Amino acid sequence: MAPYHHIMAHFPMGLLFVSFFIILARAFSDSERTRGFDRLLPVLLVAGLLGGVGTFLTGLLIWPSDAVVASPMGRNKVLFAIWAMAAWALVAALRIRGGEQVWQGSRRLPLLFFTLVAAFLLAVTGTLGGYLLGSPSDFSLGLKAAGWDVYHTFYAPTWALGVGVAAALVIAVLGVLGARQKS
Ligand code: HEM
């Protein structure tokens, strides 16, 4: 299954990183050219996500599940793959539901923020694949400098979960208040 995983990985990597550069360009420019690229985003994001699902499934079939669960690197890979796909799904939902209005004024900031997070998670997912293959890239040197050794399973401290839940509640309340103000 490994060769299929390698082939499939090109789709999310290529399509979602092209989306990343388009979002970056569109966030800082209102030119006709970046507007044109932006109109491609829904197709690129959906195709990238579908490719990501195929990559995820082929990834799970390379090693026996016992081996994946027993290895810190295997666990890291599955965790980051899930987070990366969830973050890109959010980016796709924001851009597709929000339409071209997401670029009006400061409305572009949430999309830019989540895109940076999603691109980082996808880059980590890919680089962990390099470790599983035995050809690690230097990308993880930056991760190590930031305090995470990829040979250990990434654990979020309990307080981080609390912060996550609190942030989710604040976002939900802001969303409801914003919707009420509109109507
Ligand atoms: C969307 C999700 C995923 C993406 C984008 C992704 C990406 C990649 C990439 C780019 C490589 C090759 C690295 C290189 O050539 O240097 C790779 C390898 C690998 N990935 Fe994934 N992956 C994903 C999900 C998974 C999952 C869920 C697993 C399950 C454990 C997995 C297991 C592996 C393994 C075992 C290898 C090494 C294959 C080999 O030895 O030839 N991947 N992955």
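Helix axes are lines fitted to C-alpha atoms over the stretch in contact, and the angles between them run from 0 to 180 degrees between N-to-C directions. Helices are DSSP runs of H or I with at least four residues, strands are runs of E with at least two, and both are numbered from the N terminus. The model is a predicted one, in which local features need pLDDT of at least 70 and side-chain atom pairs count only at pLDDT 80 or more, while totals for chains, interfaces and linings use all residues. Residue numbers start from 1 along each chain as its sequence is written.

The axes of helix 1 and helix 3 come within 8 Å of each other and cross at roughly 150 degrees. Helix 1 is therefore roughly antiparallel to helix 3, since angles over 145 degrees receive that label, whereas those under 35 count as roughly parallel, those from 65 to 115 as roughly perpendicular and the rest as oblique. The crossing of helix 1 with helix 3 is left-handed, a term used if the near helix is turned anticlockwise from the far one by less than a right angle, with clockwise giving right-handed. Helix 1 and helix 6 have axes that come within 10 Å and cross at roughly 150 degrees, which makes helix 1 roughly antiparallel to helix 6; this crossing, too, is left-handed.

## Helix 5 against helix 6

Helix 5, residues 72–98, packs on helix 6, residues 108–133, at an angle of about 150 degrees and with the axes 8 Å apart. The two helices are therefore roughly antiparallel to each other, and they cross in a left-handed sense. Their contact comprises 21 nonpolar, four polar and two charged residues, where Ala, Val, Leu, Ile, Met, Phe, Trp, Tyr, Cys and Pro count as nonpolar, Asp, Glu, Lys and Arg as charged, and the others, Gly among them, as polar.

## The ligand shell

The ligand is surrounded by 26 residues, of which the closest are Ala2, Gly59, Ala81, Gly129 and Gly130; a residue is near a molecule if its C-beta atom, placed from the backbone, lies within 6 Å of it. By class, this shell divides into 14 nonpolar, 11 polar and one charged residue. Helix 1 (2–28), helix 3 (41–60), helix 5 and helix 6 each supply at least two of the shell residues.

## Whole chain and domains

The chain has eight helices and zero strands, and its C-alpha trace spans about 55 × 40 × 30 Å along the principal axes. The domain assignment, whose bounds come from an automatic or database source, gives domain 1 (2–152) and domain 2 (155–183). The C-alpha centres of domain 1 and domain 2 lie 23 Å apart.

## Annotated spans

In an unreviewed entry, UniProt lists residues 3–132 as "domain: DUF2231"; its positions are given in the numbering used here, feature names are shortened, and annotations may be inferred rather than shown by experiment. That span is 85% helix and 0% strand, and its end C-alpha atoms lie 13 Å apart.

The unreviewed UniProt entry also lists "transmembrane region" for residues 6–28, 40–63, 78–97, 109–134 and 154–177. Residues 6–28 are 100% helix and 0% strand, with end C-alpha atoms 33 Å apart, while residues 154–177 are 83% helix and 0% strand, with end C-alpha atoms 35 Å apart.
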